[in-house]
Amino acid sequence: IDLCGPSVPFLLGLEDQDVHQCDEGWVPVYTSAEKKLAVMSIGFLLKNRSDAVIWRGPKKTAMIKQFLEDVNWDELDYLIIDTPPGTSDEHITVMECLKTVNTDGAIIVTTPQEMALEDVRKEVTFCKKTGINILGIVENMSGFVCPNCSECTNIFSSGGGHSLAELAKVPHLGTLPIDPRVGELAGTGKSCVKELPDCTTTEVLQKIVRTITVGAE
């Protein structure tokens, strides 16, 4: 629901796909013929990736409600909602729409530097005030992994996500480094889990998924 900066269609290599209507509502875009992953984004409704979405709160709210209520998601194992940074209309609308649903909770992603942590602390407060369970905190962009020697350099500091998790008394799910090889996969529709099975990012992502899915069972 990152309405003003939708990137999911590009990241998954789905920019040439369109959303269709059926009797039950909108049909999401699937990443493969097996239909294991369904995706909905305002990016599918734009003519060009560079088009700007200049909407006020009420129009944003209406679109988010459509994504949640009018899309024919079929039977799902998990519904993952990607939100923009902050505590704005998008977050409030999602919270209100899912009040009657037994949600597992929120995963909060931060980078390790203090400026980012200052904003993420507000996210933690938002979740606690609105009764949203925090599944844990992920520290992203924590160190740069050299593609030649695999040495990790902490460009943006490190450990901020772990410290915030301790302060907020929530789990620290994992720490993801900057890996140029992972960045190169963006827009190709390929997964680092399959393409780079031995890299640190893959190991951490798999650990995060195991932790979350076990907790949700």
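**View 1. Two domains with centres 22 Å apart.** The C-alpha centres of domain 1 and domain 2 lie 22 Å apart. The model is predicted: local features need pLDDT of at least 70, side-chain atom pairs count only at pLDDT 80 or more, and totals for chains, interfaces and linings use all residues. Residues are numbered from 1 along each chain as its sequence is written, and side-chain values use heavy atoms, without hydrogens and water. Domain 1 covers 1-99 and domain 2 covers 104-216; these bounds come from an automatic or database domain assignment. Across the boundary, 12 residues of domain 1 are in contact with 11 residues of domain 2. Contact means heavy atoms within 4.5 Å.

**View 2. The open sheet β5-β6-β9.** Three strands, paired in parallel, form an open sheet in the order β5-β6-β9. β5 (106-110) and β9 (172-175) are the edge strands; each has a single partner strand, so one side of each has no neighbour in the sheet. From one strand to the next, the twist averages 20°. Strands (E, at least two residues) and helices (H or I, at least four) are DSSP runs, numbered from the N terminus. Two strands pair if DSSP finds at least two bridges between them.

**View 3. The β6 to β9 pairing.** Strand β6 (residues 134-139) runs parallel to β9, and three bridges join them. Valine 138 has glycine 174, in β9, as its bridge partner.

**View 4. Helices on the sheet.** Helix α4 (residues 114-130) packs on the sheet and touches β5 and β6. The direction of α4 makes about 170° with that of β5. Helix α5 (residues 160-168) lies across β5, β6 and β9, at about 155° to β6. Axes are lines fitted to C-alpha atoms, for helices over the stretch in contact; angles run from 0 to 180 degrees between N-to-C directions.

**View 5. The whole chain, for context.** The chain holds eight helices and nine strands. Its C-alpha atoms fill a box of roughly 55 × 40 × 40 Å along the principal axes. Of the 217 residues, 33% count as buried, meaning under 20% relative accessible area (1.4 Å probe, protein chains only). Among contacts between residues at least 6 apart in sequence, 64% join residues at least 24 apart.

Definitions and conventions: Buried means under 20% relative accessible area, exposed over 50%, partly exposed in between (1.4 Å probe, protein chains only).
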